[in-house]
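Please read them with the sequence and the model at hand.

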Amino acid sequence: DCGSLSSPPNMTKLSTPSQRGSRTPRAAVAISLALLSSSVSAFQPPSIHKHVISTTHTPSTVPQQQSATSSSLHMNIPTPTTSGGATPEEIKSAADKEAPPSSFYELQRASVRAAQNAIGDGYRLLEVEFPPLPANVLEMDDVSAYDVAKANVNLALDFAKSFASTGSQVAIMLPDESECNIMLEDLKVGDKPYPGVTLTSLRRSEEGDTRVFKPENLLIGLMGRGSGGTVKPIEGTNMYIVIVASAQELPDVEELYDQIKDTKEGEEQPVIVFYNLKLDVLRGDLGAPAFPGKDFQDRFLSRVKPVYYLRTRQYSRSTNKPPFILNFQGCIFRSYPGHYQTLLDTGTGRYRKVVGNNIRPALGEFKEQLVDCLREEGAIPTKEEEGSLFGFLRTGYKVTTWWEDEREDASMDWRT
């Protein structure tokens, strides 16, 4: 079972060790306990004030085996794999029914498996997205952007180790050297924390350049004209895992991709993993002053395949019957090669599958899928009872963002 995990705060530049030391240790202790926890409570939804929709039975339109309810029986059944002799159809069928994780350990195994399946199918730009901390930790006042970034680095290290253990060379890449140095200092590790894993940065100075402040990098960033040659691939690397990057730093990832996409005969093209970058939030910045243009979505970001995707959303809706304000929540979940599952929180710490989508639903469509399910339950009025005008005033004329619309030059990889 997956809990309703709220979105982490916006990523900002990492703080210095002295700034971090001024905070109380309560958040750090809670984060450590959350990441070590293997119980369902680590992912259970937080309590919602006012009134919570509870839908505990499975509707007849959804087969029981497609419910998002996890059990010990499911945990004891091995997931079909190619190495185990399963056919592609069996692997997809199992992924379509896969439930969200009950712990970070289960999440790591599932995200690695989904990435391996996508790599086996030839995809080289992958997205792994999930809340890096439980909602009750993220809601704490003293949890900073740096705490979230540190949690992402630790999760990325575990993700990288799974591939390095099979002989791959993996590079975890922060945006620049200063952020990388802060993280290395705080984690008390070297730039090679595990065999086959390197912790480094997208932009790297020339060997021998020990300057702390590099004004040319600031000028390059303000002008938005590439990295000036500071983005370079690492020889022999099979996978790059990009973390803690902002929308302004995403062109550096495209620059890296342009340098590695053309491989020599007999060599495999390296993989780039966009790890917990919240691309949907970053897409909203495209086209703003000092940010990449909207064509960046069409040219590059639309080619990024979501292989493990878990996004939770919370909504409120007014009704003409007590309790007058109803709160409901759900999540979009996908484990490649499965489809996108729209899951409704039943109010019992579990999710129930509403519908499966081969095309990733827009957020407005996702909300309507949850609302339609609640209408079937009788929790909210039907469209006829509500009236077409009132329904239009609720949803408005446009229910999609610009990047969710069909765009002529964009790839469909990010939605399939």
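Predicted model: local features only at pLDDT ≥ 70, side-chain atom pairs only at ≥ 80, totals over all residues.

Q: Which residues have the most contacts inside the largest nonpolar core?
A: A nonpolar core is a set of buried Ala, Val, Leu, Ile, Met, Phe, Trp, Tyr and Cys residues joined through side-chain atoms within 4.5 Å, where buried means under 20% relative accessible area, exposed over 50% and partly exposed in between, with a 1.4 Å probe and protein chains only. The largest such core has 46 residues. Those with the most contacts inside it are Phe159, Ile172, Met239, Ile241, Ile243, Val273 and Tyr275.

Q: Which helix gives the largest share of this core?
A: Residues are numbered from 1 along each chain as its sequence is written, and side-chain values use heavy atoms, with hydrogens and water left out. Helices (H or I, at least four residues) and strands (E, at least two) are DSSP runs numbered from the N terminus. The largest share, 10 residues, comes from residues 145-164, that is, helix H7.

Q: Which residues are in contact with isoleucine 172, leaving aside its neighbours within four places in sequence?
A: Contact means heavy atoms within 4.5 Å. Isoleucine 172 is among the residues with the most contacts inside the largest nonpolar core. With its neighbours within four places in sequence left aside, its partners are Ala156, Leu157, Ala160, Val197, Thr198, Leu199, Thr200, Ile241 and Ile243.

Q: How many residues does the second, separate core have?
A: This second core is separate and includes Val231, Ala247, Leu250 and Phe300. In soluble globular proteins, nonpolar side chains tend to be buried together. The size of the second core is 27 residues.

Q: Why is H5 oblique to H7?
A: Axes are lines fitted to C-alpha atoms, for helices over the stretch in contact, and angles run from 0 to 180 degrees between N-to-C directions. Angles under 35 degrees count as roughly parallel, over 145 as roughly antiparallel, 65 to 115 as roughly perpendicular and the rest as oblique. Helix H5 (residues 104-120) and H7 have their axes 10 Å apart and pack at an angle of about 50°. That angle is why H5 counts, relative to H7, as oblique.

Q: How do the residues in the contact of H5 with H7 divide by class?
A: H5 contributes Phe104, Gln108, Ser111, Val112, Ala115, Gln116 and Ile119, and H7 contributes Leu155, Asp158, Phe159, Ser162 and Phe163. Ala, Val, Leu, Ile, Met, Phe, Trp, Tyr, Cys and Pro count as nonpolar, Asp, Glu, Lys and Arg as charged, and the others, Gly among them, as polar. The contact therefore has seven nonpolar, four polar and one charged residues.

Q: At what angle do the axes of H7 and H8 cross?
A: In this contact Tyr146, Ala149, Lys150, Val153, Asn154 and Leu157 of H7 meet Ile182, Met183, Asp186 and Leu187 of H8. The axes come within 11 Å, and H7 is roughly perpendicular to H8. The crossing angle is roughly 75°.

Q: Is lysine 188 buried or exposed?
A: Lysine 188 follows H8 and is placed in the loop between helix H8 (177-187) and strand E3 (197-201). Although it is not a glycine, lysine 188 has a positive phi of about 60°. With a relative accessible area of 72%, lysine 188 is exposed.

Q: Is asparagine 276 buried or exposed?
A: Asparagine 276 is found in the loop between strand E5 (271-275) and helix H11 (279-283). Asparagine 276 has a positive phi of about 50°, although it is not a glycine. At 5% relative accessibility, asparagine 276 counts as buried.

Q: Which residues does glycine 338 touch, not counting residues up to four places away in sequence?
A: Glycine 338 lies in the loop between strand E7 (325-335) and strand E8 (340-345), where proline 337 is also found, joined to tyrosine 336 by a cis peptide bond with omega about 10°. Glycine 338 is buried, with a relative accessible area of 2%, and its C-alpha atom is separated by 7.5 Å from that of alanine 94, 244 residues apart along the chain. Not counting residues up to four places away in sequence, glycine 338 touches Lys92, Ala95 and Asp96.
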